[in-house]
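Q: I am new to this structure and would like to learn how to read its strands and helices. Could you take me through a few features in turn?

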Number of protein chains: 2
Amino acid sequence: MQCTSEQHLDGDILERRFVLGEIPGILWTPASASASSPVPLILLGHPGGLPRMHPRLLERARRSTAAGYACATIELPGSGDRPRSAAAEQARTDLHRTLAAGQRIDGELIDRLVLPLVDAAVPEWRAVLDDLLGRPEIDGPVGYAGGIISIGIRLAVVEPRIAAAVLFAGSYVPRSLFEEAPRVRIPLLVLLQWDDEDNDRQMALDLFDAFGTTEKTLHANMGGHTRVPAFEGEDGNRFFARHLR
Amino acid sequence: MQCTSEQHLDGDILERRFVLGEIPGILWTPASASASSPVPLILLGHPGGLPRMHPRLLERARRSTAAGYACATIELPGSGDRPRSAAAEQARTDLHRTLAAGQRIDGELIDRLVLPLVDAAVPEWRAVLDDLLGRPEIDGPVGYAGGIISIGIRLAVVEPRIAAAVLFAGSYVPRSLFEEAPRVRIPLLVLLQWDDEDNDRQMALDLFDAFGTTEKTLHANMGGHTRVPAFEGEDGNRFFARHLR
């Protein structure tokens with residue numbers, strides 16, 4: 001992992017941008033983290049596009065570093081400044097055209113949108129995790145927080161170092177990922193925005209029901225996709241405090 | 001209000017049993033509460049039967065007094081040592097017979113079980129509230145926490161001193177109470193036990209949807225009716241801290 005820039009924010013947080021192979025990412029650590037006092041790690045998931053997402057990710061990282069966690073995120077394959085894939089671009093074009101026409105997003109399109117992304121992103125997250133857990137100031141266990149929920153599901157199934165996850169409900173979950181949900185056995189906090197215009201509420205409730213863990217909690221709040229209340233950040237920290245300490 | 005017994009618990013809490021007219025109840029106050037430092041009040045709802053419910057109510061009161069609230073509860077009309085009503089006893093007999101026969105509890109029976117109770121209990125809660133808010137060590141605003149959810153709905157609609165409520169989802173909600181839900185305009189935290197054998201999950205979700213406030217949050221956890229996780233008590237305190245301070 002190569003550090004490409006480094007800055008101290010407010011004296012409390014160290015923000016390091018890095019590249020691991022072709023994967024750009026950001027690592028935030030509390031100033032107090034050190035080899036003699038390592039901190040647990042939370043992976044911050046997001047829908048892709050780091051430059052656009054940075055303010056919201058930084059806000060989440062501030063809250064989590066203040067609670068004593070390191071946080072890391074990566075750019076998703078095909079997003080931000082990363083090379084585009086022709087198939088992924090075609091799927092996005094088809095999505096926007098379907099939405100503009102007011103038509104239903106069918107399973108075939110959801111598969112094309114999400115499955116290649118999950119298949120590409122999950123190994124990248126795991127490679128970044130290998131590197132981060134080799135750092136002296138970072139220690140396990142590891143949490144995953146955020147979207148894309150399909151990436152969170154797959155990571156929770158295949159990556160034993162992920163000990164707990166806060167997942168943001170989203171609708172475009174391929175059938176095959178839905179079928180992986182019973183294999184998720186780690187504690188979950190699922191956040192659902194009740195009025196999410198891009199989210200099928202019943203599908204989100206069915207997915208919550210399908211997760212295989214008995215330690216799962218659903219928090220539903222009013223408002224659309226980006227209106228998650230600030231207090232859910234605190235609730236997420238307390239959830240991780242119960243399961244990562 | 002006549003105090004019938006008084007004891008200090010752990011040095012931190014004063015537990016006073018009282019009678020107001022025919023209404024028996026319990027008031028718990030933090031030892032620190034005084035006329036110069038009054039505390040907000042949380043009304044603890046429960047399904048009736050104070051002797052049986054006392055251990056769980058005390059546990060809830062301990063958590064809330066530790067967070068700086070006074071707590072009060074009353075015995076419901078027709079429960080515990082209070083006089084029985086023939087109609088209510090008949091409704092309970094019919095409920096048990098219907099459940100034993102594995103039959104569906106219909107709306108007519110739910111009305112008979114719940115409506116007279118709501119009509120009797122809500123004025124009693126309000127009379128107790130008048131008295132409690134006259135005490136120098138207790139101050140508004142007031143929260144309501146617990147079941148019976150139909151009592152919570154009616155109180156939230158008719159009692160302007162109730163500023164926020166934590167409601168425990170339950171199934172036996174008369175249609176007319178369901179229709180009052182859009183008139184609930186105060187912040188709500190609704191707790192749903194996902195596997196509650198006595199609870200129609202879809203009905204609970206529909207009721208959550210029907211509440212008229214935009215500041216509502218649903219917390220769903222696994223397990224049956226009495227398996228609300230301990231951390232929900234802390235979450236409830238934080239909810240009240242946002243709305244009663």
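A: Let us begin with a pair of strands in chain A, where S3(A) and strand S5 (residues 70-74) are joined by four bridges and run antiparallel; strands (E, at least two residues) and helices (H or I, at least four) are DSSP runs numbered from the N terminus, and two strands pair if DSSP finds at least two bridges between them. Within this pairing, A:Leu27 has A:Ala72 in S5(A) as its bridge partner. This is a predicted model, in which local features need pLDDT of at least 70 and side-chain atom pairs count only at pLDDT 80 or more, while totals for chains, interfaces and linings use all residues. Residues are numbered from 1 along each chain as its sequence is written, chains are lettered from A and ligands numbered from 1 in the order in which they are written, and side-chain values use heavy atoms, with hydrogens and water left out.

Q: Which strand do the eight bridges join to S3(A)?

A: Strand S2 (residues 13-20) of chain A is joined to S3(A) by eight bridges, and the two run antiparallel, with A:Glu15 partnered by A:Trp28 in S3(A). Two residues lie between these strands in their hairpin, where A:Gly21 takes a positive phi near 60°.

Q: Is S3(A) mostly covered or mostly uncovered?

A: Strand S3 (residues 23-30) of chain A is mostly covered, since seven of its eight residues are buried, where buried means under 20% relative accessible area with a 1.4 Å probe, protein chains only.

Q: How many residues of strand S5 of chain B are buried?

A: Five of the five residues of S5(B) (residues 70-74) are buried, so the strand is largely enclosed by the rest of the structure. Its covered sides hold B:Ala70, B:Ala72 and B:Ile74 on one face and B:Cys71 and B:Thr73 on the other.

Q: Which strands pair with S5(B)?

A: Strand S3 (residues 23-30) of chain B pairs with S5(B) in the antiparallel sense over four bridges, and B:Ile26 stands opposite B:Thr73. Strand S4 (residues 39-45) of chain B pairs with S5(B) in the parallel sense over three bridges, and B:Leu41 stands opposite B:Ala70.

Q: How should I read two packed helices?

A: Two packed helices are described by the angle between their axes and by the distance between those axes. In chain B, the axes of helix H3 (residues 107-133) and helix H4 (residues 149-158) come within 9 Å and cross at roughly 50°; axes are lines fitted to C-alpha atoms over the stretch in contact, with angles running from 0 to 180 degrees between N-to-C directions.

Terms used
Buried means under 20% relative accessible area, exposed over 50%, partly exposed in between (1.4 Å probe, protein chains only).
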